[in-house]
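Dear colleague,

Please find below the sequence and structure that I am handing over to you. A summary of what was found follows them.

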Amino acid sequence: MDVELPPFVRDTATRFGAGVPYALKVLAGQLADDPDMGRPSNLPGILTVTVDGDLFEDCPALAVGYIREPDRIEIRYVNPISFVESAEPAESVEPVADAQEQEQQDEGSADPATDAVTVREVADAWQRITGWLQRNAPDSYGALRSGAGPAAIAALEGDLGIRIPVELHVLWLLTAGDDGAKGGGCLPGNRALMTLETLLRNSLRG
């Protein structure tokens, strides 16, 4: 079983600690032996597995999302598990996910196959964007935040009282916004990606 780690994921992972690449290498070996070791996530087609940071030097606890296909595995995102998220009881997150699943079933609009394609398309598009930024706008590339954890996104959904579209969910797993660089962001017109905190603050204000 081949385990692939796309360049944009590898590059993002190096920001989290010098020991992260080695931890991912070890994880890749484990996934090759046991492709189904992860558990289903809120995103169709994505399995998640955690890495215990205490086992590796200069490596935080990690949440790793991957796609499993018959002959290959592709790691799609790597996010540190913050102290708050790792200490938060799972029960506080699960009701949000359960509500989402029930809503999808009630509406009859959930299509796991279509959503799985969407996950891949968004991740592939983001890889092209970050690759261009890295080559042509390194300051803007450096201002991108790392991805938000699944628990943070679930908490935001609970605060907003809505289900986040799968496209935006995937994007936030890849990056939680843009801090801006020299007065400009990574989007056309020097606009910055809104952070989750800003989105919540603006929504509550409105």
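**Thr130 and its surroundings**

Thr130 touches Phe8, Tyr141 and Leu144, leaving aside residues up to four places away in sequence; contact here means heavy atoms within 4.5 Å. This is a predicted model, in which local features need pLDDT of at least 70 and side-chain atom pairs count only at pLDDT 80 or more, while totals for chains, interfaces and linings use all residues. Residues are numbered from 1 along each chain as its sequence is written, and side-chain values use heavy atoms, with hydrogens and water left out.

Thr130 belongs to helix α5 (residues 112-136); helices (H or I, at least four residues) and strands (E, at least two) are DSSP runs, numbered from the N terminus. With a relative accessible area of 7%, Thr130 is buried, where buried means under 20% relative accessible area, exposed over 50% and partly exposed in between (1.4 Å probe, protein chains only). The side chain of Thr130 also reaches the backbone oxygen of Gln127, at 3.1 Å.

**Overall composition and the sheet**

The protein chain comprises nine helices and five strands. Of its 206 residues, 42% count as buried. Among contacts in the protein chain with a separation of 6 or more, 62% are accounted for by residues 24 or more positions apart.

The five strands form an open sheet in the order β1-β5-β4-β3-β2, with mixed pairing; two strands pair if DSSP finds at least two bridges between them. β1 (2-4) and β2 (39-40) stand at the edges with a single partner strand each, so one side of each has no neighbour in the sheet. Helix α2 (residues 20-33) packs on the sheet and touches β1, β3 (46-51), β4 (62-68) and β5. The direction of α2 makes about 40° with that of β4; axes are lines fitted to C-alpha atoms, for helices over the stretch in contact, and angles run from 0 to 180 degrees between N-to-C directions.

β1 pairs with strand β5 (residues 72-80) in the parallel sense, over three bridges. Within this pairing, Val3 stands opposite Ile73 in β5.

The side chain of Arg76 makes polar contacts with the side chains of Glu74 (3.4 Å) and Asp124 (3.0 Å). A polar contact is a pair of N or O atoms within 3.5 Å; within protein, one must be able to donate a hydrogen and the other to accept it, and residues adjacent in sequence count only if both atoms are side-chain atoms. In the loop between β3 and β4, Asp58 has a phi near 55°, a positive value in a residue other than glycine. Asp58 counts as partly exposed, at 47% relative accessibility.

**Helices α7 and α8**

The axes of helix α7 (residues 150-160) and helix α8 (residues 166-174) come within 10 Å and cross at roughly 135°. That makes α7 oblique to α8, given that angles under 35 degrees count as roughly parallel, over 145 as roughly antiparallel, 65 to 115 as roughly perpendicular and the rest as oblique. Pro150, Ile153, Leu156 and Glu157 in α7 meet His169, Trp172 and Leu173 in α8. The buried residues of α7 are Ala151, Ile153, Ala154, Leu156 and Glu157. Just after α7, Gly161 takes a positive phi of about 75°.

With kind regards
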